[in-house]
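This briefing is meant to be read with the sequence and the coordinates open side by side.

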Amino acid sequence: MTNQELRDRVRKEIIEEGKAIERRIEADGSLKDLKMPDDSFKDLMRRAEAQKQTKHRRGHVRKRVLLAVAVAAVLLVGGTLSATGARLFTPKVENRDEGDGLDITITNDNENFYVDVTEDEAYDEIEERLGIQALRLGYRPEGMELEKVFIDKDMGEALMEFYYGDKILTVYENKQYDNAGFSTIPDGEKIDTISAFFYENDIDVWKIDKGDGNVYYRAELTYGNAYYYISGALKLDEFENILSEIIFKNV
Amino acid sequence: MRNKMKLMAGVLSVTLAGGPLLPPAALTALAADTDMAGYHEYVTTEDEAIDHWYGVARGTYLKESTCGIKRDGTAKVAVSGTTTAHSICDSVKVAVYLDESSNGGSKFGTIGTYHFEETDTSSCHGSKSGISVTSGYHYRARGGHSVKKGSTTESTTTCSPTIKAS
């Protein structure tokens, strides 16, 4: 990647993150008066340029620094931007100076770079970042809460984890590209086929034996330009109730 | 009993129509990058809470969606939902989910699901009354709405404000 390409990419990411922050600010009336200094962007770019000039430096992600500055400016004033809810994780971008160019590597580590989002914000983030329709739950048993959201824009993947007591319902979403291939290996035993109120096709329900006496259930489906996989060790009737009320919002 | 009428205009602006599955406090303004625009209008009285979504774009099938909840006696509520289209569609659906919160509205769980569907029509309305609930708990109605014309299906969601069961 050339220097100009890097700058363009960073600039684009900043703008996108800025828009996301604007939306959260507008949702929170108490933060409306908050303004970034006029020279913030220029200052951030100056620091980015200065960091780039340093040879053989593998520091904190430039993108993360820029994002952290923008987000922290708001968070320090009003706390979280949204109501308590799930944590949205995004991959960390590392930059390495490789002579004349800079190599960008996206890694997923356990470093806690996340923002708090509501379930609805999580759906919106998935749709905006991946360009797919997020699978939304119409029915949610009492006690089930969205806990974590992972979105990998470059891979076109998202993962939502709903905690339900000591169980976890996982919703995996994958954007399908024309020039990409994605396959799943069938596993388990098909035990049922259900109809969902807002989904046209029947959905097969599979039972997987974990080998320790416990089982979990899974289902997969496609909608538009994406593939979806839902799994969890819930009771079968609860799992099927959830499946039967999934909805995709396209307007 | 004097009714207090509170009209809350939803945050709209954007071209992303429909609304969140969460109450107005969680609404966000979204970037314009979709095919249809709409906005929510929330109406709350002492006994009733309604979310009415209006579509404002032309050339689409889904026109308006509503869902509502109201007190229906002591420890009882009624819910309703409506989906309307701009023209006769093959199928018009509405699903209403009754959510309950025992902790003042912080967390909800679905305790009732009600489906309604009409074919070859421009609207679908459904309701369920006399639903037994727990006094003092908080409740809301969430709606799922869809219209289908040929191979095109348009769907959205609504969510009413919360009421406290008497």
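What does the accessible surface of chain B come to, and what percentage of that surface belongs to carbon and sulfur atoms? The accessible surface of chain B is about 7,200 Å², and 47% of it belongs to carbon and sulfur atoms. The model is a predicted one, and the values below are computed from it.

**Make-up of chain B**

- The secondary structure of chain B consists of 9 strands and 0 helices, so that, read from the N terminus on, its elements follow the order β-β-β-β-β-β-β-β-β, with residues counted as buried only when their relative accessible area is under 20%.
- Chain B has 166 residues, of which 54% count as buried.
- When contacts in chain B between residues at least 6 apart in sequence are considered, 58% of them join residues at least 24 apart.

**Backbone angles and a loop glycine**

- Most residues other than glycine have a negative phi, and this is the background for the next two entries.
- A75(B), although not a glycine, has a positive phi of about 55 degrees; A75(B) is placed in the loop between β4 (62–71) and β5 (76–101) of chain B.
- With a relative accessibility of 19%, A75(B) counts as buried, because the cut-off for that class is under 20%.
- D120(B) is likewise not a glycine and has a positive phi of about 50 degrees, but D120(B) is found within a strand, β6 (residues 109–132) of chain B.
- In chain A, G165(A) lies in the loop between β7 (157–164) and β8 (167–175), and at 71% relative accessibility G165(A) counts as exposed.
- The C-alpha atom of G165(A) is separated by 9.9 Å from that of E142(A), and these two residues are 23 residues apart along the chain.

**Cysteines**

- Over all chains, the structure holds 0 disulfides.
- C89(B) is buried, with a relative accessible area of 1%, and C124(B) also counts as buried, at 1% relative accessibility.

**Aromatic rings**

- A search of the whole structure finds 6 aromatic pairs over all chains.
- One of these pairs is formed by F197(A) and F198(A), whose ring centres are 4.8 Å apart and whose planes stand at 80 degrees, so the pair is edge-to-face; both F197(A) and F198(A) are buried.
- Another is formed by Y223(A) and F248(A), which have their ring centres 4.0 Å apart and their planes at 5 degrees, so this pair is stacked.
- Because Y223(A) lies in strand β11 (residues 215–223) of chain A and F248(A) in the segment after β13 (246–247) of chain A, the pair ties together parts that are 25 residues apart in sequence.
- Y223(A) is partly exposed, with a relative accessible area of 23%, whereas F248(A) counts as buried at 3% relative accessibility.
- Y223(A) and F248(A) also belong to one aromatic cluster, which they form with Y199(A) and Y228(A).

**Charges over rings**

- The charged end of K93(B) sits over the ring of F197(A), at 4.9 Å from the ring centre.
- Within chain B, the charged end of R140(B) sits over the ring of F108(B), at 4.0 Å from the ring centre.

Technical notes. Residues are numbered from 1 along each chain as its sequence is written. Chains are lettered from A and ligands numbered from 1 in the order in which they are written. This is a predicted model: local features need pLDDT of at least 70, side-chain atom pairs count only at pLDDT 80 or more; totals for chains, interfaces and linings use all residues. Side-chain values use heavy atoms; hydrogens and water are left out. Helices (H or I, at least four residues) and strands (E, at least two) are DSSP runs, numbered from the N terminus. Buried means under 20% relative accessible area, exposed over 50%, partly exposed in between (1.4 Å probe, protein chains only). Contact means heavy atoms within 4.5 Å. Accessible areas come from the Shrake-Rupley method with a 1.4 Å probe; for residues, only the protein chains shown count as cover. A disulfide is a pair of cysteine sulfur atoms within 2.5 Å. Rings of Phe, Tyr and Trp (its six-membered ring) pair if their centres lie within 6.5 Å; planes under 30 degrees apart count as stacked, over 60 as edge-to-face and the rest as tilted. A charge sits over a ring if NZ of Lys or CZ of Arg is within 6 Å of the ring centre and within 35 degrees of the ring normal.
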